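Hi,

Here is the structure I said I would pass on. Have a look at it, and then read my notes below.

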Amino acid sequence: MNLIGSFILFAMLVSTSARSDSKASKSKSTKASSNTIVYLFRHAEQQRTTTTLGTATSAYNVVYNGDIVDIAAIDGDTIGSNYDDACGSTHCAEELNPLGLMRASMLGQWFQDNGILSSTTDIFATSKRRTQQTVLPAAALAEMTVQTFPVDGTELDPQSARRTTCPTIDAIKNVSNGSQILVASHTSAIYQIMGPGVDGECTGFGIDISDDDIFPKDDRGSVPRAEYGFIWKFSIDAEGNAQFLKRIDFKLDLITG
């Protein structure tokens with residue numbers, strides 16, 4: 001079956017706080033009150049690339065076991081247990097698969113159709129290619145540049161996506177009051193950004209993420225790896241106090257025929 005096929009997009013409001021909002025008129029009102037608005041979401045569906053080591057002819061598979069990476073030759077000979085052993089500086093990247101590229105394109109269009117891009121001031125991603133690819137269509141429509149964090153990071157450094165959490169939090173805190181930001185991140189970072197941050201390293205925005213209906217969690221306490229369609233919206237006032245506004249379910253339904 002063709003993986004992409006035909007899709008119908010459903011953008012469904014799952015939960016909201018005391019006030020509801022939509023489209024550009026509400027964005028303008030939040031700017032007037034000097035609240036920053038953040039749309040935070042995970043990167044779209046990804047695939048793990050098979051790579052060639054340097055000038056060698058052997059291809060290697062990258063196997064992920066949590067945040068641990070095992071590099072093994074296709075013939076089964078293990079050659080290392082970290083990126084540097086086999087990947088060098090440019091290989092072993094994860095990137096969006098065809099479905100993920102479809103989601104990214106439709107996500108950008110959804111932000112535009114709902115009047116969000118017209119008042120967006122910043123578009124953030126991490127140093128991981130898959131988050132950058134997720135927001136590139138929105139950035140193209142808005143004629144903006146994607147800012148990546150940590151600013152000196154690469155696909156392979158830091159190795160763990162979790163290490164992008166504090167740089168992303170700092171970047172959000174450093175925007176001007178009244179900004180509106182799109183932020184593509186990772187399962188391991190999203191709740192840390194909205195909630196407590198990283199113990200001993202940085203403080204998040206202090207949102208109560210205990211409601212599992214709104215903030216579903218896997219056994220790591222992170223966004224479940226099977227979920228790609230959640231968008232969490234929250235505001236930050238001039239004093240840095242954050243308020244959760246709503247979660248949007250951005251679902252792609254495959255139509256076969």
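What follows is a short tour of what turned up.

First, a caution: this is a predicted model. Its mean pLDDT is 78, and 67% of the residues reach 70 or more. Two stretches need care. Over residues 15-32 the pLDDT stays under 50, though the model has 31 contacts there beyond four places in sequence. Residues 50-61 are also below 50, with 26 contacts beyond near neighbours in sequence.

Now the inside. The largest nonpolar core has 29 residues, and Ile172, Met194, Phe215 and Trp232 are the ones that touch the most other members. At least two residues each come from strand 2 (36-42), helix 5 (165-173), strand 11 (180-185), helix 6 (187-194) and strand 14 (230-236). Helix 6 is the top contributor, with 5 residues.

Most residues other than glycine have a negative phi, and most peptide bonds are trans. Glu143, in the loop between helix 4 (129-142) and strand 10, has a positive phi near 55°; this residue is exposed, with a relative accessible area of 75%. The bond from Phe149 to Pro150 is cis, with omega near 0°, and Pro150 sits in the loop between strand 10 (146-149) and helix 5.

Cheers

Note on methods: Residues are numbered from 1 along each chain as its sequence is written. This is a predicted model: local features need pLDDT of at least 70, side-chain atom pairs count only at pLDDT 80 or more; totals for chains, interfaces and linings use all residues. Side-chain values use heavy atoms; hydrogens and water are left out. A nonpolar core is a set of buried Ala, Val, Leu, Ile, Met, Phe, Trp, Tyr and Cys residues joined through side-chain atoms within 4.5 Å. Buried means under 20% relative accessible area, exposed over 50%, partly exposed in between (1.4 Å probe, protein chains only). Helices (H or I, at least four residues) and strands (E, at least two) are DSSP runs, numbered from the N terminus. pLDDT is the predictor's confidence in each residue, from 0 to 100. Contact means heavy atoms within 4.5 Å.
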